[in-house]
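Hi,

Here is the structure I promised to pass on. Have a look at it first, and then read my notes below.

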Amino acid sequence: MLGWQLIIRRGAKRAPFDDSVNEQRVASWRAALGGTRWLDDLVESGHALDLGGNGYPCRYVVAVGTLLEMLQSGTPRSEGASVIGDDYVLPGTWTGDEDI
């Protein structure tokens, strides 16, 4: 599947997360290709910090107040192109539950 797995963790600083600490996980979901556009918009407006990455992973820091405001209306929707795989079709606006 082409897309993103988004994992929100609390207490993040500018250093990498310790992925073995599951207690820090606040929320998670999967999204289509445009699933990080809302984070890029927050970076552009100065409300988030992009820590970089190549997609495995990309890391952002967002203040909890900003994040809560974003999530009040639900999980941010993807805004990407549809993807047709060998055995699936994924609409560009698809957002799904986490499956880990």
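A definition to start with: two strands pair if DSSP finds at least two bridges between them. The strands themselves (E, at least two residues) and the helices (H or I, at least four) are DSSP runs, numbered from the N terminus. In strand β2, Ala27 is the bridge partner of Ile8.

Before we go on, this is a predicted model, where local features need pLDDT of at least 70 and side-chain atom pairs count only at pLDDT 80 or more, while totals for chains, interfaces and linings use all residues. Residues are numbered from 1 along each chain as its sequence is written, and side-chain values use heavy atoms, leaving out hydrogens and water.

Overall, the protein has two helices and seven strands, in the order β-β-α-β-β-α-β-β-β along the sequence. Strand β1 (residues 4-9) runs antiparallel to β2 (residues 25-31), and six bridges join them. β2 also pairs with strand β7 (residues 95-97), again antiparallel, over three bridges. There, Arg30 stands opposite Gly96 of β7.

Now for the surface. Asp40, Asp41, Glu44 and Asp50 gather in a patch of negative charge. Helix α1 (residues 37-44) gives the largest share, three residues, whereas Asp50 lies in strand β3 (residues 48-53).

Cheers

Terms used
Patches are made of residues with over 30% relative accessible area and no salt bridge: like charges are joined within 9 Å, nonpolar side chains (Val, Leu, Ile, Met, Phe, Trp, Tyr) within 5 Å. Accessible areas come from the Shrake-Rupley method with a 1.4 Å probe; for residues, only the protein chains shown count as cover. A salt bridge is a side-chain nitrogen of Lys or Arg within 4 Å of a carboxyl oxygen of Asp or Glu. Lys and Arg count as positive and Asp and Glu as negative; His and the chain ends are not counted. The place of a charge is taken as NZ of Lys, CZ of Arg, CG of Asp or CD of Glu.
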